[in-house]
Amino acid sequence: MSRLIALLLLLPAAALPPPSAPFLSPMGEPFRSDDPAADNAGCWFGAADRNADGALSLAELQADAARFFAALDGDGDGEIGPAEIARYENELAPEVQLGLQMRRTDDWRRRRRREMLYDEGLEGAGRFSFLNIPQPVIAADFDMNRGVSAEEFARAASQRFRLLDRDGDGRLLRAELPALPRPRLRRRDRDSDKTWTPFRRPR
Ligand SMILES: [Ca+2]
Ligand SMILES: [Ca+2]
Ligand SMILES: [Ca+2]
């Protein structure tokens with residue numbers, strides 16, 4: 001029995017729901033789940049809302065940014081340097097790579113992900129976040145020295161807070177945040193019922 005047939009036998013007869021899309025926070029931290037119904041953005045929001053009042057203040061977003069900064073600054077020298085930026089792009093959040101959805105792979109889950117195509121103009125992390133910032137970490141490198149200091153990251157958090165606080169009241173409500181980009185289903189959804197039918201023979 002070929003490996004292909006063995007794999008097909010493992011597939012459920014019903015249509016497969018799409019996997020939940022990853023979410024990248026305004027500072028670029030990835031939140032993922034294997035649960036198709038997971039609210040990845042809600043996981044981020046709930047953790048960042050430290051006083052659990054249902055809104056993010058600027059101080060809360062900056063605290064969220066500082067926590068992620070410490071996670072990115074692996075050597076603890078107070079700067080996200082080139083090697084730490086490379087680790088972010090290659091290991092922590094490969095979604096920021098522009099060509100990810102076209103990458104060839106033999107992994108079937110990734111193959112499914114490749115079918116999720118986003119609108120033109122959305123690049124990298126912009127496909128998975130509230131703001132269209134393709135690489136949210138290096139975008140904080142205001143002085144262009146190929147490193148991001150804690151001050152620069154905090155400054156970026158303030159900028160992004162202002163972009164998201166559309167009514168300018170200093171509080172980000174979940175309902176105030178923009179809708180996340182939704183991928184268009186292609187090819188697999190041959191009957192346009194918004195679900196993928198079981199896979200055909202991989203190319
Ligand atoms: Ca709060
Ligand atoms: Ca560092
Ligand atoms: Ca607001």
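**Overview**

Of the 203 residues in the protein chain, 24% count as buried. The model is a predicted one, with an average pLDDT of 83 over the protein chain and 70% of the residues scoring at least 70. The secondary structure comprises six helices and eight strands.

**Chain architecture and confidence**

- Read from the N terminus, the order of the elements is α-β-β-α-β-α-β-α-α-β-β-α-β-β.
- Among contacts in the protein chain with a separation of 6 or more, 56% are between residues 24 or more positions apart.
- Residues 11-15 keep a pLDDT under 50, and the model has five contacts for them beyond four places in sequence.
- A further stretch, residues 100-106, also has pLDDT below 50; eight contacts beyond near neighbours in sequence are present there in the model.
- Where pLDDT is low, predicted coordinates should not be read in detail.

**Helix 6**

- Helix 6 covers residues 150-164, and its 15 residues should span 21 Å at 1.5 Å a residue. The expected span counts one less than the number of residues, and the end C-alpha atoms of helix 6 are 21 Å apart, in agreement with that expectation.
- The buried residues of helix 6 are F153, A156, A157, R160 and F161. Viewed down the axis of helix 6, these buried residues fall within an arc of 140 degrees, so they line one face of the helix.
- The exposed residues E151 and R162 are carried on the face of helix 6 turned away from its buried side.
- The cover over the buried residues of helix 6 includes helix 3 (58-72), strand 6 (148-149) and strand 7 (171-173).

**Helix 3**

- Helix 3 has 15 residues, and the distance from its first C-alpha to its last is 21 Å, close to the 21 Å expected at 1.5 Å a residue.
- Buried positions in helix 3 are E60, L61, Q62, D64, A65, F68, F69 and L72.
- The elements covering the buried residues of helix 3 include helix 2, strand 3, strand 4 (79-80), helix 4 (82-92) and helix 6.

**The largest nonpolar core**

- The largest nonpolar core has 29 residues, of which A65, V137, F153 and A157 touch the most other members.
- At least two residues of this core come from each of strand 1 (23-24), helix 2 (40-48), helix 3 and helix 6. Helix 3 gives the most, with five residues.
- Which residues does F153 contact, leaving aside its neighbours within four places in sequence? The contacts of F153 are with A65, F69, A140 and V148.

- Most residues other than glycine have a negative phi.
- A52 is located in the loop between helix 2 and strand 3 (55-57). Why does A52 count as exposed? A residue is exposed if 12 or fewer other C-beta atoms lie within 10 Å of its own; A52 has 7 and is therefore exposed.
- R146 is not a glycine, yet its phi is positive, at about 65 degrees. R146 lies in the loop between strand 5 (116-117) and strand 6. R146 has 12 C-beta neighbours inside 10 Å and so counts as exposed.

- G42 is part of helix 2. Is G42 buried or exposed? G42 has 12 other C-beta atoms within 10 Å and is therefore exposed.
- Between G42 and R174 there are 8.3 Å from C-alpha to C-alpha, although they are 132 residues apart in sequence.
- P181 is located in the loop between strand 7 and strand 8 (184-185). P181 counts as partly exposed because it has 17 C-beta neighbours inside 10 Å, and a residue in between the buried limit of 20 or more and the exposed limit of 12 or fewer is partly exposed.
- The C-alpha atoms of P181 and S129 are separated by 7.4 Å, with the two residues 52 apart along the chain.
- Not counting residues up to four places away in sequence, P181 touches Y118, D119, L122 and R127.

How values were computed. Residues are numbered from 1 along each chain as its sequence is written. Chains are lettered from A and ligands numbered from 1 in the order in which they are written. This is a predicted model: local features need pLDDT of at least 70, side-chain atom pairs count only at pLDDT 80 or more; totals for chains, interfaces and linings use all residues. Helices (H or I, at least four residues) and strands (E, at least two) are DSSP runs, numbered from the N terminus. The arc is that of the directions from the helix axis to the C-beta atoms. Two residues are in contact if their C-beta atoms, placed from the backbone, lie within 7 Å. A nonpolar core is a set of buried Ala, Val, Leu, Ile, Met, Phe, Trp, Tyr and Cys residues joined through C-beta atoms within 7 Å. pLDDT is the predictor's confidence in each residue, from 0 to 100.
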